[in-house]
Number of protein chains: 2
Amino acid sequence: MNVKQFAERVGLSPHTIRYYDKLGLLGEVRRGPNGHRYFSERDLEWIGFVHRLRDTGMPVEQMLEYARLRAEGDTTMAARQAVLECHAEALDAHIRQQQAHLDNLTRKIAWYRQQLAGKTGS
Amino acid sequence: MNVKQFAERVGLSPHTIRYYDKLGLLGEVRRGPNGHRYFSERDLEWIGFVHRLRDTGMPVEQMLEYARLRAEGDTTMAARQAVLECHAEALDAHIRQQQAHLDNLTRKIAWYRQQLAGKTGS
DNA sequence: TCTTGACTGAGAGTTCACTCCAAGGCGTAG
DNA sequence: CTACGCCTTGGAGTGAACTCTCAGTCAAGA
């Protein structure tokens, strides 16, 4: 499939796809005889993974590191695992933090609710 | 307390404090006769709240709206509650999403673990 | 008196991750 | 033949949220 279709299926803009490709995030992208990029289902899987990492706040730089390791083949599996474990840990901490903030916020909202109920009731 | 001490206690840089003040996020900040800002414990509480909102991804623009409502007094409590409820909802969605991503990631890590265990074992 | 270390405001610079533009090349439909 | 709708590239522009620089002021201490 071409860039547009690919972008659509993955939920990114064609601009972003080309941008990621330029960075080297997509590895070896096949090209047609006219120079156009051509994406496969496997590319779809990979960019989906990349997209998820991005969504969880991994910096582009670190994703690039992972991509480079992946390109090197099976010998780098342990390193890749380490990167993911590190990220998973950070993500877990982030989620806990956000949850704590949400709890806090919920209490504040409850307080507002009480205040307003009191006003209405009097 | 002065800007530096205030910044330290809240976990932001003095630059950021001045920046927030310039935006109008801090409301009426008291000044000494030399023009220096002077912060109280109550300011500390407020900026702590602001800081938490920021941490949960609320755009500065929206925090500003909340700050303006707060400055208007008790008549805006319902509006403020609405802002917070809206944000809480978004935050909850965000947390769920991140948790889903984390689960995904955890599975991938488990897969790596299995692969590597297999290699070592053979 | 001079240095140090705080403060001030205006405004320029930085970082990140896109996002877009200009100029041009193919391939098909009218 | 021409218009359309894809695609290509390098490089410029954008927006958010800081972050810093500069030039100047003030107060305390050696």
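Because the model is predicted, local features need pLDDT of at least 70 and side-chain atom pairs count only at pLDDT 80 or more, while totals for chains, interfaces and linings use all residues. Residues are numbered from 1 along each chain as its sequence is written, chains are lettered from A and ligands numbered from 1 in the order in which they are written, and side-chain values use heavy atoms, with hydrogens and water left out.

## DNA strand C

A residue is near a strand if one of its heavy atoms lies within 4 Å of it. By that rule, 16 residues surround DNA strand C, and the closest are A:Y20, B:K4, B:R18, B:R31 and B:R37. Of the atoms of DNA strand C that come within 4 Å of the protein, sugar and phosphate account for 82%.

Polar contacts are pairs of N or O atoms within 3.5 Å; within protein, one must be able to donate a hydrogen and the other to accept it, and residues adjacent in sequence count only if both atoms are side-chain atoms.

| Residue | DNA strand | Distance to a phosphate oxygen |
|---|---|---|
| B:R18 | C | 2.7 Å |
| B:R31 | C | 2.9 Å |
| B:R37 | C | 2.6 Å |
| A:R18 | D | 2.8 Å |
| B:Y20 | D | 2.8 Å |

Helices (H or I, at least four residues) and strands (E, at least two) are DSSP runs, numbered from the N terminus. Two or more residues each are given to the surface near DNA strand C by α2 (14-23) of chain A and by α1 (3-10) and α2 (14-23) of chain B. The largest share, four residues, comes from α2(A).

For residue classes, Ala, Val, Leu, Ile, Met, Phe, Trp, Tyr, Cys and Pro count as nonpolar, Asp, Glu, Lys and Arg as charged, and the others, Gly among them, as polar. The surface near DNA strand C holds five nonpolar, five polar and six charged residues.

## DNA strand D

DNA strand D is surrounded by 16 residues, the closest being A:K4, A:R18, A:R37, B:Y20 and B:R54. Sugar or phosphate supplies 76% of the atoms of DNA strand D within 4 Å of the protein, and bases supply the rest.

The residues near DNA strand D divide into five nonpolar, five polar and six charged.

## Helices α1 and α2 of chain A

Helix α1 (residues 3-10) of chain A packs against α2(A) at an angle of about 100°, with the axes 8 Å apart. Axes are lines fitted to C-alpha atoms, for helices over the stretch in contact, and angles run from 0 to 180 degrees between N-to-C directions. The two helices are therefore roughly perpendicular, a term for angles of 65 to 115 degrees.

Contact means heavy atoms within 4.5 Å. On the α1(A) side, A:V3, A:K4, A:F6, A:A7 and A:V10 meet A:P14, A:I17 and A:R18 of α2(A). These residues divide into six nonpolar, no polar and two charged.

Buried means under 20% relative accessible area, exposed over 50%, and partly exposed in between (1.4 Å probe, protein chains only).

B:N2 lies in the segment before α1 of chain B and is partly exposed, at 38% relative accessibility. The side chain of B:N2 reaches the backbone nitrogen of B:Q5 at 3.0 Å. Not counting residues up to four places away in sequence, B:N2 touches B:R37 and B:F39. B:N2 and B:H36 are 34 residues apart in sequence but 7.5 Å apart in space, C-alpha to C-alpha.

B:S40 sits in the loop between β2 (37-38) and α3 (41-55) of chain B. It counts as buried, at 17% relative accessibility. With residues up to four places away in sequence left out, B:S40 touches B:M1, B:F6 and B:R30.

B:T76, in the loop between α4 (60-72) and α5 (77-121) of chain B, is buried at 7% relative accessibility. Its side chain reaches the backbone oxygen of B:L69 at 2.6 Å.

B:A88 belongs to helix α5 of chain B and is buried, with a relative accessible area of 10%. Leaving out residues up to four places away in sequence, B:A88 touches A:L102, A:L105 and A:I109.

Methods
Angles under 35 degrees count as roughly parallel, over 145 as roughly antiparallel, 65 to 115 as roughly perpendicular and the rest as oblique.
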